[in-house]
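These are my notebook entries on one structure.

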Amino acid sequence: MRALQTPETVPVVVDFGYYLSVLALTCLLETPFYLMAFGATAAGTFKGWTRRLSAITFANVCTHPLIYFVLPAVVAGLGGRYLQTLSLAEVFAPMVEASLLIVIWKVPRLRAIGFTFTANLFSWWVGIYWV
């Protein structure tokens with residue numbers, strides 16, 4: 001069973017398969033930005049591609065469940081609205097994801113911040129039309 005998420009509501013029941021499809025779509029939409037964030041180093045090697053794909057997946061798995069399930073419930077519980085949830089999500093996720101790229105994968109700071117913000121805004125913007 002899937003509850004619809006409208007700007008003024010928080011989903012109460014979400015089908016896990018549906019959620020996984022949303023997470024997969026997010027990763028797919030953000031992949032080009034993460035690849036650019038890593039730059040051209042080791043792009044042709046298996047280790048390079050494994051590194052990039054693990055970063056995309058790991059960063060999203062660390063932030064996406066919090067953005068999708070926890071943040072809307074907390075903001076709604078505090079009397080907040082959709083715009084506040086969206087604003088917090090679009091700052092929280094890129095900052096955490098950029099921090100992970102900087103600390104774990106040694107991506108330069110400004111590059112990590114710029115590409116994660118762009119990736120998250122793009123996946124949100126495109127994702128709202130597909131989901």
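I count two residues as in contact when they have heavy atoms within 4.5 Å. I am working on a predicted model, in which local features need pLDDT of at least 70 and side-chain atom pairs count only at pLDDT 80 or more, while totals for chains, interfaces and linings use all residues. I number residues from 1 along each chain as its sequence is written, and side-chain values use heavy atoms, with hydrogens and water left out.

**Entry: E90**

I looked up E90 and found it in helix α3. Helices here are DSSP runs (H or I, at least four residues; strands are E, at least two), numbered from the N terminus. Which residues does E90 contact, leaving aside its neighbours within four places in sequence? I noted F117, N120, L121 and W124. The relative accessible area of E90 is 15%, so I logged E90 as buried. The cut-offs are under 20% for buried, over 50% for exposed and in between for partly exposed, with a 1.4 Å probe and protein chains only.

**Entry: α3 against α4**

Two packed helices are described by the angle between their axes and the distance between the axes. For α3 (residues 82-103) and α4 (residues 109-130) I noted an angle of about 140° and axes 8 Å apart. That makes α3 oblique to α4. Axes are lines fitted to C-alpha atoms, for helices over the stretch in contact, and angles run from 0 to 180 degrees between N-to-C directions. Under 35 degrees counts as roughly parallel, over 145 as roughly antiparallel, 65 to 115 as roughly perpendicular and the rest as oblique.

On the α3 side I listed Y82, L86, E90, V91, A93, P94, M95, E97, A98, L101 and I102 as making the contact. On the α4 side the list is R109, A112, I113, T116, F117, N120, L121 and W124. How do the residues of this contact divide by type? I have 14 nonpolar, two polar and three charged. Nonpolar covers Ala, Val, Leu, Ile, Met, Phe, Trp, Tyr, Cys and Pro; charged covers Asp, Glu, Lys and Arg; the others, Gly among them, are polar.

K106 lies in the loop between α3 and α4. Its phi is near 55°, a positive value in a residue other than glycine. I logged K106 as exposed, at a relative accessible area of 64%. Q84, in helix α3, is partly exposed at 43%. I also noted that the C-alpha atoms of Q84 and P72 are separated by 9.2 Å, with the two residues twelve apart along the chain.

**Entry: aromatic rings**

I paired rings of Phe, Tyr and Trp (its six-membered ring) with centres within 6.5 Å, calling planes under 30 degrees apart stacked, over 60 edge-to-face and the rest tilted. By this rule I got seven aromatic pairs. One of them is Y19 with F69, tilted, at 4.8 Å centre to centre and 50° between the planes. Y19 is in helix α1 (residues 16-38) and F69 in helix α2 (residues 46-77), so this pair ties together parts 50 residues apart in sequence. Y19 is buried at 4%, whereas F69 is partly exposed at 34%. Y68 and F69 have ring centres 5.0 Å apart and planes at 80°, so I filed the pair as edge-to-face. Y68 is buried at 14%. F16, Y19, Y68 and F69 form one aromatic cluster.

**Entry: whole chain**

I counted four helices and zero strands. Of the 131 residues, 35% count as buried.
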